[in-house]
Amino acid sequence: MIICHCGVVNGDTVARAVDAGARTLSQVCRSTGAGQDCGTCVFALRRLLCEHEASPHATLPEVESAAS
Ligand code: FES
């Protein structure tokens, strides 16, 4: 699904950016090209960023240190 219509950026692209290390909205925007024009997609981008970071596939630093 297209998240940013101006930049033609879909949710998979945003997820890949987070997997590659983007942790802030501006990092996601810079690495994907989303959110650079009208800004309508910014809330959807932030939601996707939060959801993807909270997914079971994400490794939280607190969990890593607690496990060691
Ligand atoms: S829809 Fe993303 S900048 Fe316009």
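Reply: Happy to. One term before we start: pLDDT is the predictor's confidence in each residue, from 0 to 100. This is a predicted model, so local features need pLDDT of at least 70 and side-chain atom pairs count only at pLDDT 80 or more, while totals for chains, interfaces and linings use all residues. Residues are numbered from 1 along each chain as its sequence is written, and side-chain values use heavy atoms, with hydrogens and water left out.

Me: Where does pLDDT stay under 50?

Reply: Over residues 58-68. The model has 4 contacts beyond four places in sequence for that stretch, where a contact means heavy atoms within 4.5 Å.

Me: And what does the protein chain average?

Reply: The average pLDDT is 85, and 79% of the residues score at least 70. Confidence is lowest in helix α4 (residues 61-67), with a mean of 43, and highest in β1, at 97.

Me: How many helices and strands are there?

Reply: The protein chain has 4 helices and 2 strands. Starting at the N terminus, the order is β-β-α-α-α-α. Helices (H or I, at least four residues) and strands (E, at least two) are DSSP runs, numbered from the N terminus.

Me: What share of the residues is buried?

Reply: Buried residues are 28% of the 68 in the protein chain. Buried means under 20% relative accessible area, exposed means over 50%, and partly exposed is in between (1.4 Å probe, protein chains only).

Me: Which residues touch the most other members of the largest nonpolar core?

Reply: V14, V28 and L45 do, in a core of 15 residues. The elements β1 (2-4), α1 (11-19), α2 (25-32) and α3 (42-53) each give at least two residues to this core. A nonpolar core here is a set of buried Ala, Val, Leu, Ile, Met, Phe, Trp, Tyr and Cys residues joined through side-chain atoms within 4.5 Å. In soluble globular proteins, nonpolar side chains tend to be buried together.

Me: Tell me about V14. What does it touch?

Reply: Leaving out residues up to four places away in sequence, V14 touches V9, V28, T32, L45 and L48.

Me: OK, on to α1. Which of its residues are buried?

Reply: G11, V14, A15, A17 and V18 are the buried residues of α1. They line one face of the helix, because down the axis of α1 they fall within an arc of 160 degrees. That arc is the one made by the directions from the helix axis to the C-beta atoms. On the other side of α1, D12, R16 and D19 are exposed.

Me: What covers that buried face?

Reply: The cover for the buried residues of α1 includes β1, β2, α2 and α3.

Me: How about α2, which residues are buried there?

Reply: In α2 they are L25, V28, C29 and T32. Those residues fall within an arc of 95 degrees when seen down the axis of α2, so they line one face of the helix. Their cover includes β2, α1 and α3. Just after α2 comes G33, with a positive phi of about 90 degrees.

Me: Which non-glycine residue has a positive phi?

Reply: V8 has one, at about 50 degrees. Most residues other than glycine have a negative phi. V8 is in the loop between β1 and β2 (9-10), and it is exposed, with a relative accessible area of 62%.

Me: Now α3. How far does it reach?

Reply: α3 has 12 residues and spans 16 Å from its first C-alpha to its last, close to the 16 Å expected at 1.5 Å a residue. The expected span is 1.5 Å times one less than the number of residues in a helix.

Me: And which residues of α3 are buried?

Reply: L45, L48 and L49 are buried in α3. They sit on the same side of α3, because they cover an arc of only 100 degrees around the axis. The buried residues of α3 pack against β1, α1 and α2.

Me: What about H52?

Reply: H52 is in helix α3 and is partly exposed, with a relative accessible area of 21%. H52 and V18 are 34 residues apart in sequence, and their C-alpha atoms are 7.3 Å apart in space.
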